[in-house]
Amino acid sequence: MENNDSTYDRNAEVKAFDESKSGVRGLIESGVTKIPRMFINPDQKFDINISTNDSNLSVPIIDLKDIHNNINRVEIISQVKDACKKWGFFQVINHGISVDVLDEMIDGIRRFHEQDVEVRKKIYTRDFIKKKIIYYSNSTLYKDKFALWRDTVGCSMAPDPPKPEELPQVFRDIMIEYSKKLMELGSTILELLSEALGLDPSYIKEMMCPESLFIQGHYSPPSPQPELTMGTTKHTDSSFITIVLQNHLGGLQVLHQNQWVTVPPVHGALVVNIGDLLQLITNDKFVSVYHRVVSSDKGIRISLANFFSNSDSSKVLGPIKELLSEENPPIYREISIAEFMAHHFNKGHDGNSILEPFKL
Ligand code: OGA
Ligand code: NI
């Protein structure tokens, strides 16, 4: 029966969901055919219809083939620069990670989320700080106005990776191989970004040292009412860069010139996006752009969001001196990563710009 407003106890519903320790997948397993109210945005109908159909607007695809050949590299760097200024997003192909590895990683995330509920319950947690492997649904569940239609397994793979035996057996081997390859690709992309800014190739990597890699494996079962739920609401990433792998279902959209533009799933490609910390150090030369994931009733959506950042929370960051001049004065003050992350978590998913309070 529908609850009316006077009797609806959202906190109780959220708590019961969290205490079930079995996520959105658990709701489907228990047979729900309608979206529980806690997942529905109380304030607005989603603006899904404003997604653009303009086929001239598409996130650039950059071919990294023969990147060590100087002529190709110059061209690739110019494409990267353009994409980072205009979109904050691009896809890469011929990036050095085989399609088999990507497909097997997606399948590993599926196997994880489809394990028996009793196995999942044992590792479900809200202790995001101490544990290297975390399974949960909605990181800011108790803060947000509505919950996202997705569950997540998170693995902290650098600088201090878990011991192999600490990784869930269902994706142990592939996670080790995938994250190793991903660190290499991350390094290549950071070099390209530095060069695109006219800096030494290792410049950003040095600012990120000790580099961290946090991998989130998201799983969204088909939503019975996709127009009422979101896979991920409008947000920017707090990382330096994020590399996203989405399965064939797609759903990722980027806010570009006030329109939501779909990032089409390209088999074997990876999506790269600029995070808030890179926007801060580049003094807005590269932009951290809003993105979101829409829900679907067509199948299971699986994605891996791989966040590259600096693991030293006492590290102080500000706009790169070499990029500043009289015409380009600093936009942001220097802040520690700890200060930045505290603001990020306190804020929750409210859709407002995260860098605003750090402006000079
Ligand atoms: C994220 C994110 C995109 C996706 O986790 O920050 O934007 O496709 N994910 O899952
Ligand atoms: Ni994101």
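A residue counts as near a molecule if one of its heavy atoms lies within 4 Å of that molecule. In this predicted model, the residues around ligand 1 are Gln216, His218, His235, Asp237, Val244, Leu252, His291, Val293, Arg301, Ser303, Ala305 and Phe307. A nickel ion, ligand 2, is coordinated by His235, Asp237 and His291.

**Shell around ligand 1**

- Five residues of the shell around ligand 1 are nonpolar, five are polar and two are charged.
- Strands E5 (211-220), E11 (291-294) and E12 (301-310) each contribute at least two residues to this shell.
- Strand E12 provides the largest share of the shell, with four residues.

**Polar contacts of ligand 1**

- The side chain of Ser303 places a polar atom 2.6 Å from an oxygen atom of ligand 1.
- For Arg301, a side-chain N or O atom is 2.8 Å from an oxygen atom of ligand 1.
- For His291, a side-chain N or O atom is 3.0 Å from an oxygen atom of ligand 1.
- Ligand 1 on its own has 290 Å² of accessible area, of which the protein covers 96%.

**Nickel site**

- The donor atoms for the nickel ion (ligand 2) are NE2 of His235, OD of Asp237 and NE2 of His291, at 2.1 Å.
- The donor residues follow the sequence spacing H-x1-D-x53-H.
- His235 belongs to strand E6 (residues 230-235) and His291 to strand E11, so this pair ties together parts that are 56 residues apart in sequence.
- Both His235 and His291 are buried.

Terms used: Residues are numbered from 1 along each chain as its sequence is written. Chains are lettered from A and ligands numbered from 1 in the order in which they are written. This is a predicted model: local features need pLDDT of at least 70, side-chain atom pairs count only at pLDDT 80 or more; totals for chains, interfaces and linings use all residues. Side-chain values use heavy atoms; hydrogens and water are left out. A polar contact is a pair of N or O atoms within 3.5 Å; within protein, one must be able to donate a hydrogen and the other to accept it, and residues adjacent in sequence count only if both atoms are side-chain atoms. Accessible areas come from the Shrake-Rupley method with a 1.4 Å probe; for residues, only the protein chains shown count as cover. Ala, Val, Leu, Ile, Met, Phe, Trp, Tyr, Cys and Pro count as nonpolar, Asp, Glu, Lys and Arg as charged, and the others, Gly among them, as polar. Donors are N, O and S atoms within 2.8 Å of the metal (3.2 Å for Na, K and Ca); water is not among the atoms, so sites may look incomplete. Buried means under 20% relative accessible area, exposed over 50%, partly exposed in between (1.4 Å probe, protein chains only).
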